[in-house]
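Subject: Structure handover

Dear colleague,

Here is the structure for you to take over. My notes on what was found in it follow below.

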Amino acid sequence: MDHIRRSGILLTTVVVLQCFITRSVLSIQKREWLEGPTAKLTEGDVTCFSEYMEMWIHSTMIEGLAFWLSGALQIKVNPASLDHLNLQLSACGFALHKDLDKNFVFRVSYTGCFVQQEHGFHVLMLILAKRINQFGGRPHSFIMMCPVVSVLPNKEQIQCDPEYIQVIRQVPYDNWKNELHWSLSLRDHLVVALEDASLIAMNVDINRSDITVQARRGEVLSSVKLKENEGEFLALKLVSGVYAYSMEATCPKVTTSTAEDTVLHIFKRHMGLTKRGSSDNDRLTVSNVSVNQTANFTVYEMSEFVTLIIPTDKILQTKICMESKQLVQPFYRVDVVLTFKETNHKMHWTMENTLPCTASSAGSHTTSSPDPNTTAPSMLTFKTESLTIDLHNTTVNTSAEPHFRESSANEPLTGFPTTVAPEQEYQQFIATSGQRDQHKKRRLKWMW
């Protein structure tokens, strides 16, 4: 009887212990999904991103960094007031942040002050003094060094129709051209492996050059209101370790009629690899905008978005509706190049939007044939069948509805006009448009 009782107690203990371990593992996994990577850093460790590098600095060394910054930049440095300090440091491409353990992360732009290019590396030498006692400290030399990356993934092609959204971007690699193992992060708190994309109602296709994400609009997009206009936003990133890669995109609101002006919202962001969990978008300010299809557009800039207002009749076309030849389907494509003050890399952004089919109207802003500078949109086609997952091949297809047809994302975006940085609210400049040899004056309106 005692043997049976002891066996029962032992079994209960094992079950309770197993439940505790399982709950702990799940809690750790959930916390990892929510909080991001938890890689441990040691003093002097440098992490390389596409446009900047970061070094982890222990709190005992912050006085040494403050002393170095004061001497190098000829400013008064107070690490206790980081907001004010970062306003001063931003002029030199520097930033300083605290981590969760109250240590510091020092960020340096590759175009920042004192950064040199040596033998294919961005190099910054720091000499920091670590306080030993009240009478002085011991100097330590640190070298921040990251490989130079000549070409960054700076293109995004967005295709919207009444039911679906598709986003195409170049496949990113780290600064050493290593392939990274990516997961999807939706709205910063749902993280799944690429092969499990169907769990968040998405379909993913990767080849050697591009990654394509496709989903139903109603399942992944969130409404966003900017000034007096509405759009639908896809809050999606690729994440791998400390890295994040933006797949964020905005679709125009679905409407059955065309307005006099077309309003497009472009999400501002660094286009390469960024630090996972950080927010750098509010630091970007537009210095230049060019639109391939028309010279007539208005630019509004906000903290996170650039809004373009384009006369609809300059871009809108029609085609025969696939569902009924008695109807027509409006569509347009817009190719935009954005330049930001904080980076040397341009953002090439393409929007292809297809509207619902409608009856032909003589008063609508449509054209029967494409303008020479306007490219017809790639077709989105869908079929209801499961796609096979083959993780051993270079292409990963997840089980979902959309079927990918070869896209025009691989084609180079040519014919972009060259512009000069606007210095006044109304800036006139000369540009070459498309293949025309004649020059014309273009006016760009800036609304702040």
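Two strands count as paired if DSSP finds at least two bridges between them. With that in hand, cysteine 160 stands opposite isoleucine 165 in S9. Please keep in mind throughout that this is a predicted model.

Strand S8 and its partners

Strand S8 covers residues 155-160, and five of its six residues are buried, so the strand is largely enclosed by the rest of the structure. Its antiparallel partner is strand S9 (residues 164-170), joined to S8 by five bridges. Three residues lie between S8 and S9, and the two strands form a hairpin. S8 also pairs with strand S26 (residues 347-354), this time in the parallel sense and over six bridges. Within that pairing, isoleucine 158 has methionine 351 of S26 as its bridge partner.

In soluble globular proteins, nonpolar side chains tend to be buried together. Here the largest nonpolar core has 55 residues, and those with the most contacts inside it are Ile165, Leu184, Met202, Leu234, Leu308 and Val336. S25 gives the most to this core, with five residues. Another core lies apart from it; this one has 29 residues, among them Met53, Ala66, Leu73 and Tyr110.

Which residues does leucine 234 touch, leaving out those up to four places away in sequence? Leucine 234 is in contact with Ile165, Val167, Leu186, Met202, Val220, Leu221, Met247, Glu248 and Ala249.

The sheet S14-S15-S18

Three strands make an open sheet in the order S14-S15-S18, with antiparallel pairing. Strand S14 (222-226) and strand S18 (249-252) are the edge strands, each pairing on one side only. On average, neighbouring strands of this sheet are turned by 40° against each other, direction ignored. Strand S15 (residues 229-234) runs antiparallel to S18 and is joined to it by four bridges. Glycine 231 has proline 252 as its bridge partner in S18.

The sheet S1-S2-S4-S3

An open sheet of four strands has the order S1-S2-S4-S3, again with antiparallel pairing. Strand S1 (46-48) and strand S3 (94-98) are at the edges with a single partner strand each, so one side of each is left without a neighbour in the sheet. From one strand to the next, the twist averages 20°. Three bridges connect S1 with strand S2 (residues 52-57) in the antiparallel sense. One of the residues involved is valine 46, whose bridge partner in S2 is methionine 55.

Helix H2 (residues 62-73) lies across S2, S3 and strand S4 (104-109), and runs at about 160° to S3. Helix H3 (residues 82-89) packs on the sheet and touches S3 and S4, with its direction at about 160° to that of S3.

Aromatic residues

How many aromatic pairs does the structure hold? There are nine aromatic pairs. In one of them, the ring centres of phenylalanine 49 and tyrosine 52 are 5.1 Å apart and the planes are at 35°, so the pair is tilted. Both phenylalanine 49 and tyrosine 52 are buried. Arginine 107 lies over the face of tyrosine 52, at 4.0 Å from the ring centre. Elsewhere, ring pairs link Trp68, Phe94, Phe106 and Phe114 into a cluster. The charged end of lysine 319 sits over the ring of phenylalanine 331, at 5.4 Å from the centre of that ring.

Two single residues

Threonine 339 lies in strand S25 (residues 328-340). Is threonine 339 buried or exposed? Its relative accessibility is 15%, so threonine 339 counts as buried. Leaving out residues up to four places away in sequence, threonine 339 touches Thr285, Val286, Ser287, Asn288 and Lys346.

Alanine 295 is found in the loop between strand S21 (286-291) and strand S22 (297-301). Alanine 295 has a relative accessible area of 18% and is buried. Between alanine 295 and isoleucine 310 there are 9.2 Å in space, C-alpha to C-alpha, and the two are 15 residues apart in sequence.

Regards

Methods
Residues numbered from 1 in each chain as written. Predicted model: local features only at pLDDT ≥ 70, side-chain atom pairs only at ≥ 80, totals over all residues. Heavy atoms only, no water. Buried < 20%, exposed > 50% of the residue type's maximum accessible area, 1.4 Å probe, protein only. Contact = heavy atoms within 4.5 Å. Core = buried A, V, L, I, M, F, W, Y, C linked by side-chain atoms within 4.5 Å. Phe/Tyr/Trp six-rings, centres within 6.5 Å; stacked < 30°, edge-to-face > 60°. Lys NZ or Arg CZ within 6 Å of the ring centre and 35° of its normal. Axes fitted to C-alpha atoms, helices over the stretch in contact; angles between N-to-C directions.
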